[in-house]
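Let's take a walk through this chain together. Please have the sequence and the 3D view open side by side.

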Amino acid sequence: MPRRAGRAARGAGAIPTAIETAKQWRAAIGDGYRIEVFDHRGYGDKTLRDRLLYVAKDAGVPAVVTNDVHYATPRGAATHELLHAIKDIVALSRTQSLRSTSEYFLKDSNEMCDLFWDAPEAVDETLRITDACDFEVDLDAPHFPKVAIPAGTTHTGWLARRCYEGARRRYPSITRAVEDRLQHELGLIFRMGFASYFLLVADIVDHIRKLGIRCACRGSAAGSLVCYVLGISDVDPVRYDLLFERFMNERREEFPDVDVDVESHRREEVLAYILDTYGKEQTAICCMVDTFRARMAIREVGKALGLPAEEIDLVAKAFPRVQASDIPRAIEHLPELQGTNLQAGQLEQLFELCLAIDGFPRHLALHPSGVILSSADLADRVPMQESFQGFVMLQADKHDVEDLGLVKLDVLGVRMLSSIAHARDEIERVHGRSVDLDDLPRDDADTFRLIASSRTIGCFQIESPGQRELLARFQPNRFEDLIVDISLFRPGPVKSDMVSPYLERRHGFEDAVYPHPSLRSILRETHGVIVFHEQLIRAIASVTGCSLADADYIRRHLDSERPSLPDDPDSRPARRGLDGPRSGVGADNEVGAWFVARAVDNGYSRLQAETLWKEVFAFASFGFCKSHAAAFALPTYVSAWLKAHYPAEFLAGVLTHDPGMYPRRLIVSDARHFGIAILPIDVNHSDALYRVQPVLFPHSGDYRRQRGQERWGIRLALSEVKGISDAEVDSIIEARNECPFSSLEDLWRRTELSQPVLTNLVHVGALDSVESTRTRRELLWRATELATEPKPAVGHQLGLALDESAVPSLGDLADYSSLEQVQAELEVAGIDARKHMMELYQPLLVELGVTSGAELRHKRNDSQVWVAGIKVSTQTPAIRSGQRIIFLTLDDTSGPIDVTVFQRVQPRCARTVFHSWLLLVKGIVRKRGGASLTHDMDSDNVGITVVAHEVFDLAELASDRAAGHSRAAALGRQRRLQAVAGLAPGGELAAPKLWHSSGGSAGR
């Protein structure tokens, strides 16, 4: 019975109407009609319940007992009220009407029977309906949308034809190895019924390329020859010895999962094509459940409690990006939070409520990659809704999608691909020549010289401090080395210390050691160290004699207690396997017993078999997928090639699309080290994007464009101006295309700029080249005046240029100093283009005896140094020892400086590290690498880190010195404050759950 009819029964006089309404509904619906009866023990609920039972009895309609459920237990009522306050953006003090009762919880059958003891027939009706519910969703077989194929052909036949056509394009001749592998892969695809899926993905990738959008395949799909010849992947699995079974085999519980990376700023074009071509009724995009974490919970709960916005913001920013449940542990253990007054009584209630909503969903968002491709009955099998952008969105995240048996294609927007495309377009625009980045030779000496120099900031996958140190030690000199390098720099290999033995063996300081001579051919490329999943699969198959499909299954279930082993007559079902951390099952499990027994049957001694098993079990969860690494190595190589040959164009792309781990100001600093001029924002020269421009030589008087003589600069983009909109950028570009701007007044009259944006343009110096006779302070005054004058509409006649002379002048206003210019650039654009911020501190740095980043390579190992710079990143990743270590990157005028802050010094200096942006560090130089017995190496190119002993706030130190305090007094004051913070109660660091990273500071 509809609840509006039930509400009518609240009045005693309306009962006859309610009875008549119930009879009408019964006549209209039939025997399936029921009247809902509930009792939430709220005001009037008992009376309403009795009246509904009376109506049901008199109308001859069966009653059914229900209970609204909003939380699991009565204790969830308060949390429910808090979530409502957050959702409705009202203070908790005004939400009392929401919780008139706490009975909206999941009651068990006994509680419901006690509540309706006088209406047993209604309780029985609920149970009868429960028993009658029978709905099955087909989750076993994949459902694909219809794929257009030529008439008279089948999906399998058309896929085979396309594969052989692609093989003839990819290879000079189809060898026996290619033919056999293609037949093997196609046979498995046909048997498993996935021909339509591969045709579908190939069609989507073909269309992406026709649109001129760069794309790349990632993940284990790169190990498929079918994907390679169809053009889905550009990595040759035969050449790089990749394994198809790692991607797809008959024993995998998951459907094949192809991941396609596309240019991030054009991803919506790809999604629109997929949805338009295959129909919204059979395609959708996964959702992403955004949950409450520490910072979000603090902000939302703070608003619900009515706390001041400034206080909420201060408290939220004090915490790293951790779970809300980790707030108490963070306050107790993280040294950067000691002495911050976060344990004060007024915040206790805030944190308690944050813990209550930890992990609760905040809202659903469009998943950044997961596209579902299914049949036309998709909406009948799973719930969907429309996203904010207008895309059809599945009410299931990527993990639910797998459990629902849906086939997913990951279309991920990757900003590095956008950067590469921007660089390609800039090369053509500036130099007038087209570069085919998909046909680059993969043995370019200049590219590997750059990689080996570790000057790889901005390059895909190899720009982090750890990777740059690894490159210096590794010295890659071929494409296959990049595959190994990317695989080694993963949490698993680092945690299991696979890096050191590999490098020692690569450089000839240690002989390669193999678990058994029979595995030499499998492990030769990595000097006996098990690095790849593919190696592990082949090793299991070689030792036990099982198939590669069975070996992959065993790899994924090594820590299962009772998996379905290849020769298990009972074929016991196994749990879903894990490629990550151990689940706690010991090495002496049933899989180990099976492995040892099969190895003994194949001629290994029991001791050899047990040794091999320990080796396999130890490395299984730490390896990396070689196909995935090979797929990553391709854009890594392309980005390094661009930086080696066209650094200005490449870094302009990096600055435009911001794909890496560092803020733009460090990319700008890196560009300077490559001899690239940084050109400031200018209303007559800057574009919406970062552009490469020729630079006038100081004494030449002309532009030199000849190859080898030109000097190129990167012009900062208008889009970097704080507060500017796309429409305002377009307005500037459109107006100046007619004629350049001649004055501030001309800019104001011919564009659609807001007064704050006009002020920011003046402040950042974007009119310096236009207004050479007026200072910025005068222009700021004039910009404020212009905002009060009537502005002619677009298309109307403008005032004569002669009127400009009537503008009053304020010539006595001083121009900006160098410090003010840099501060203005940091405030408006976050980038110090005209002068590096650290140049302003040069006299103090000389006084302190600070060593620059470039000079560190000339320092002896273990020597003490002072270094200083702008903080650009901080990270506390998981490491093998389990300690919490802060990896810090500083930017001075000569390049990035990597600093390591160990746990023992964090109680004193962690607050300074995380809450200051100009840092002075006293520490010890640590050098690694730089020597090899087997490879040519530059002895100066070593991995250099400064191990911090003390960290100070450089800006605060400069302020104290300017106030007349001595250097010793200024440093001593900070040391005393740090000592007090270090004595605050904290106990041992609870590191494993409190790792986090930060993008550093842009200087604002």
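Here is a short report on selected sheets, helices, cysteines and single residues.

## Ground rules

This is a predicted model, in which local features need pLDDT of at least 70 and side-chain atom pairs count only at pLDDT 80 or more, while totals for chains, interfaces and linings use all residues. Residues are numbered from 1 along each chain as its sequence is written, and side-chain values use heavy atoms, with hydrogens and water left out.

Helices (H or I, at least four residues) and strands (E, at least two) are DSSP runs, numbered from the N terminus.

## Around strand β14

Let's begin with strand β14, which spans residues 886-892 and is mostly covered, with 6 of its 7 residues buried. Buried means under 20% relative accessible area, exposed means over 50%, and partly exposed lies in between (1.4 Å probe, protein chains only).

Strand β14 pairs with two strands named here; two strands pair if DSSP finds at least two bridges between them. With strand β13 (residues 864-875), β14 pairs in the antiparallel sense over 5 bridges. β14 and β15 form a hairpin, with 2 residues between them.

In general, strands of a sheet pair through backbone hydrogen bonds, either parallel or antiparallel. An open sheet of 3 strands has the order β10-β12-β11, and its pairing is mixed. β10 (677-679) and β11 (691-694) stand at the edges with a single partner strand each, so one side of each has no neighbour in the sheet. From one strand to the next, the twist averages 35°. Axes here are lines fitted to C-alpha atoms, for helices over the stretch in contact, and angles run from 0 to 180 degrees between N-to-C directions.

The pairing of β10 with strand β12 (residues 712-715) is parallel, over 3 bridges. Gly713 in β12 is the bridge partner of Ala677. Helix α30 (residues 647-657) lies across β11 and β12, and runs at about 10° to β12.

Helix α21 (residues 479-488) is mostly covered, as 9 of its 10 residues are buried. Among the buried residues of α21 are Phe479, Leu482 and Ile486, and also Asp481, Asp485 and Ser487.

Helix α34 (residues 755-764) is mostly covered too, with 7 of its 10 residues buried. The buried residues of α34 include Val757, Leu758, Asn760 and His763. Among the elements that cover them are α32 (726-738), α33 (744-750), α35 (776-786) and α36 (818-828). Just after α34, Gly765 has a positive phi of about 90°.

## A helix crossing

Two packed helices are described by the angle between their axes and the distance between the axes. For helix α25 (residues 533-544) and helix α26 (residues 548-556), the axes come within 8 Å and cross at roughly 115°.

Which residues in α25 meet α26? They are His533, Leu536, Ile537, Arg538, Ile540 and Ala541, which meet Leu548, Ala551, Asp552, Ile554 and Arg555 in α26. By class, this contact has 7 nonpolar, 1 polar and 3 charged residues. Ala, Val, Leu, Ile, Met, Phe, Trp, Tyr, Cys and Pro count as nonpolar, Asp, Glu, Lys and Arg as charged, and the others, Gly among them, as polar.

## Cysteines

How many disulfides does the structure hold? It holds 0 disulfides, a disulfide being a pair of cysteine sulfur atoms within 2.5 Å. For Cys163, the nearest cysteine sulfur is that of Cys227, 8.9 Å away. Cys163 is buried, with a relative accessible area of 0%, and Cys625 is buried as well, at 5%.

Asp50 is found in helix α3 (residues 45-59) and is partly exposed, with a relative accessible area of 32%. Its C-alpha atom is separated by 9.6 Å from that of Ala119, 69 residues apart along the chain.

Glu103 is found in the loop between α4 (76-88) and α5 (109-115). Glu103 is buried, with a relative accessible area of 16%. Leaving out residues up to four places away in sequence, Glu103 touches His40, Arg41, Asn67, Asp68 and Tyr71, where contact means heavy atoms within 4.5 Å.
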